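Hi everyone, thanks for coming.

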Amino acid sequence: MAIRIAIDAMGGDHGLVVTVPAALEALQKFSDIHILLVGQKDAIETELLNHSYNAERVTVVHAEQVVDMDELPSKALRNKRQSSMRIALNLVKEDEAQACVSAGNTGALMAVAKFVLKTLPGIDRPAICTSMPTMKGHVHVLDLGANVGCSGENLAQFAIMGSVLAKAVDDNHSPRVGLLNIGEEEIKGHQRIKDAHQLLVDSSINYCGYVEGDDIYKGDTDVVSCDGFDGNIALKASEGVAKMISFYLKEAFNRNILTKIAGLICLPVLKSFKNKVDPRRYNGASLLGLRKIVIKSHGGADQFSFLHAIAEARLEVQKNVPERITAEVSKIMDQQSKVIENTDRG
């Protein structure tokens with residue numbers, strides 16, 4: 001049976017000129033998916049005329065409205081019930097699709113998805129999670145901006161969800177989980193981080209303790225849990241550093257004829273480096289903690305990037321990520337209840 005993925009075709013900075021070609025490329029790459037393109041029907045069908053594709057594997061679903069990239073989440077929730085974003089999420093809720101992918105307004109997507117799909121049992125807040133390159137592969141980091149001022153329990157839940165995701169999509173049987181802090185010593189950090197630390201020490205996941213910002217990229221952890229404020233800064237700072245390095249490399253190799261020749265000689269190495277740190281390859285952030293699968297693409301994503309977001313949605317459907325998170329959270333809650341019961345009896 002085909003994996004049905006609903007695409008918010010109107011979302012993002014570029015809209016149809018990115019989402020439609022990326023969706024059709026995904027059909028060529030993955031033989032087991034069916035795409036539902038949600039948006040203004042006439043505009044979608046006009047864009048489809050520019051491409052060759054198997055019409056039996058594409059369904060166009062009309063949506064009259066579009067959520068603007070700068071629109072307040074509350075307004076999108078109240079006033080855009082016929083938007084491509086909302087209808088794509090409704091398709092997932094009604095089991096017409098198994099996942100939704102959108103490059104639209106992040107705040108609006110989180111608000112509408114939480115309202116339409118609800119959170120999993122035992123999860124208070126959904127979190128945005130994406131993978132980032134490290135010296136040894138990649139690391140899953142969450143939350144990246146959906147939640148600010150998280151409690152210790154929220155941070156612990158993020159860690160558990162990230163651990164389940166890493167197990168599922170990376171086939172990692174015991175992901176190493178860290179908690180982002182300003183130091184590795186137990187005395188450092190505010191009380192919420194200390195509360196999360198204690199909850200994770202007592203949990204059954206492979207918790208490795210505090211990690212600092214530079215530890216994210218060493219590859220010694222597979223998951224890093226953090227408040228959305230801190231995570232978003234870490235993500236944007238990483239993207240900025242990558243752009244700065246690219247800028248200085250281009251400047252250095254274009255300085256004169258000799259440096260240009262050196263650049264040509266180094267081209268294979270430079271391409272390999274670019275492939276490893278290219279943020280487009282890591283596009284597709286999971287909104288973990290929802291009852292269904294929702295993938296947030298970067299708003300400025302190009303076709304290559306958006307394709308990766310669709311691939312992430314397909315993978316999470318194959319791995320039954322929400323169901324696995326529910327099972328893990330339930331198991332940990334049962335363990336905590338038994339500890340409390342034993343303590344009370346003592």
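A quick definition before we start: on a 1 Å grid over the protein atoms alone, a cavity is a set of points where a 1.4 Å probe fits but cannot get out. Please keep in mind that this is a predicted model.

So, how many cavities of 30 Å³ or more are there by this rule? The count comes to 3.

Let's take the largest cavity, with a volume of about 60 Å³. Among the residues lining it are Ser286, Leu288, Lys292, Glu316 and Ile325. Two or more lining residues come from each of β10 (285-288), β11 (293-296) and α12 (321-345). By class, this lining has 8 nonpolar, 2 polar and 2 charged residues.

The second largest cavity holds about 40 Å³ of space. Its lining includes His190, Cys226, Asp227 and Asp230, and divides into 5 nonpolar, 2 polar and 2 charged residues.

Of its 18 lining residues, Ser131, His138, Arg281, Tyr282 and Glu312 are the closest to the centre. Which element gives the largest share of that lining? That would be α11, with 5 residues. The lining as a whole has 6 nonpolar, 8 polar and 4 charged residues.

Last, the helix pair. Helix α4 (residues 84-93) packs against helix α5 (residues 106-117) at an angle of about 35°, and their axes are 10 Å apart. The contact involves, among others, Met85 and Leu89 of α4 and Val112 and Phe115 of α5. By class, it has 10 nonpolar, 1 polar and 2 charged residues. The crossing of α4 and α5 is right-handed.

Happy to take questions!

Terms used:
Residues numbered from 1 in each chain as written. Predicted model: local features only at pLDDT ≥ 70, side-chain atom pairs only at ≥ 80, totals over all residues. Heavy atoms only, no water. Axes fitted to C-alpha atoms, helices over the stretch in contact; angles between N-to-C directions. Helix = DSSP H or I, 4+ residues; strand = E, 2+ residues; numbered from the N terminus. Left-handed = near helix turned anticlockwise from the far one by under 90°. Contact = heavy atoms within 4.5 Å. Nonpolar A, V, L, I, M, F, W, Y, C, P; charged D, E, K, R; others polar. 1 Å grid on protein atoms, 1.4 Å probe; cavity = no way out; pocket = protein on both sides within 12 Å on 5 of 7 lines; lining within 4 Å. Points joined across faces, edges and corners; volume = space filled by probe spheres on them.
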